[in-house]
Amino acid sequence: MEANPDLATQLHRHGILNPGKVHWNLSADELYAEIVNREEGKVTEGDVIVVTTGKHTGRSPQDRFIVKDSTTQDSVDWGAVNKPFGSEQFDKLYERVMDHLEGMELFAKDLCVCAHPDYKMSIRVITELAWHNLFATNLFVCPDPSDVPHSNVEFTVIDVPSFKADPERDGTRTETFIILNLEKKIALIGGTYYAGEIKKSVFSSLNFFLPDKGVFPMHCSANKDADGNTAIFFGLSGTGKTTLSADPDRWLIGDDEHGWASDGVFNFEGGCYAKVIRLSSETEPDIYKASTMRGAIIENVVVDGSTNKIDFDDDSLTENTRSAYPITHLSKIVPEGVGANPKTIFMLTFDAFGVLPPISKLTTQQAMYYFLLGYTAKVAGTERGVDEPQATFSTCFGAPFLPRHPMVYAKMLGEKLEEHNATVWLLNTGITGGPYGVGSRIPLNETRALVRAALAGTLQKASFEVVDILGLQVPEHCPGVSDELLEPRKCWPDPSEYDAKAGELAARFAEVYKKYES
């Protein structure tokens, strides 16, 4: 296959002139066989592939750059998140990576992103590892076989973990680099075996391109009911976005990345990348089933040597254990990946301080406020060096993936809310009855009851009271939820301690929001 002159020409367009054997557009089963033959991962019970990613068990945001050129210089929000990289610097590094690929066995896969036919984009993912190619196959949209190889590639990902940059020579921070060239429409990745960089590089690029097409790109999950009523769930990692959208009574559109166009929402992807730490069939049966089916790739979990079973509870490698599987592994999905304009929106947060109510109804202005804040909290044990709860703010619930200024996305949200009269709920999946270590996690079954009531319209008809200090509207009653739980102040042994902690958090919110007030 690698001798096909047309395919060789395809690679020459990317600057790959003399590779070794090239595997073009292998099926998932063929990639699975290559992973096994090359011993890139372990095959566990259920024929699931388990891989490890070395020292990088998560993204490397400090090593991500965007090439600064005529396309990006006035439209990217340059700073700590979007660090500039010189155009000539990129070309020289790119040439060095191409030299590194000489004689190397490669895997090339032609895929798509964006389920909406008006916004579908053809992409090509070129990797040195078979399992990275299967990861891309699982996560992105597989085109019709008659459409591959692509005659026109609109975005290319070149992923070479074995290439390590020389910071002094190449202008990178470390040997690891993730560089987006938005003018040339290339993502160049090296020095890291963490496959999530492939997914997020494409997402970041869509966050740059789509606003110019009138599409609001969102870091959210989405589902709909039998009548087509669509809901979306904004939220950072660990807040329950994937868990709550995988509802047995609803159909999943997608679990992580969507666009909101004039005629509704659409999934960017064709798969799911779920956190699986402490995953169980009892609490998350759909995700557990999908993650233990042949074709799934599980990252950085421990496998019992005697039983060959996955230990989802073991966090000795990382808390950020992940499962990458095609969305078709789930039973209740929307195959076409699209939904109507949403009428119900949830903004998820894990409040470790025990301050926020389990659910609050937001005005449009409050929705934009909390969207810009992107608040959640890290708790002890989730990251090295985190010994007590820490507030964290990721604007628009996806700061690491937003090339443009946050206000671009916030204004698009406000316009969509006003146009479609959508109801927004702030949903706290964190702690109640005191701060972390004193209070307890809000029970998942009660969170689900709140979500169901909001989706059914029951909560909108409820009586509300305004919580002092934060000014949030909280329902007085909800079926399946204790009235006391709805008002966090009543759950604290000492209400005055709640008031003090709420004041601290409100002050922190105001401090963070200052940069957006103008």
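Colleague: Which residue forms a salt bridge with E40?
Modeller: That would be R38, with the closest N and O atoms 2.6 Å apart. Keep in mind that this is a predicted model.

Colleague: And is E40 buried or exposed?
Modeller: E40 counts as buried, at 16% relative accessibility, because the cut-off for buried is under 20%.

Colleague: Nice. How many salt bridges does the structure hold?
Modeller: There are 20 of them.

Colleague: Let's move on to K199. What does K199 form a salt bridge with?
Modeller: With E257; the closest N and O atoms there are 3.2 Å apart. K199 sits in helix α6 (residues 196-209) and E257 in strand β14 (residues 257-261), so this pair ties together parts that are 58 residues apart in sequence.

Colleague: What about K200, which side chain does it meet in a salt bridge?
Modeller: The side chain of E257, at 3.3 Å from N to O. That pair also links distant parts of the chain, with K200 in helix α6 and E257 in strand β14, 57 residues apart. K200 counts as buried, at 11% relative accessibility.

Colleague: Which residues are linked in a network of salt bridges?
Modeller: K199, K200 and E257 are in it, together with K241, D256 and E269.

Conventions: Residues numbered from 1 in each chain as written. Predicted model: local features only at pLDDT ≥ 70, side-chain atom pairs only at ≥ 80, totals over all residues. Heavy atoms only, no water. Salt bridge = Lys/Arg side-chain N within 4 Å of Asp/Glu carboxyl O. Buried < 20%, exposed > 50% of the residue type's maximum accessible area, 1.4 Å probe, protein only. Helix = DSSP H or I, 4+ residues; strand = E, 2+ residues; numbered from the N terminus.
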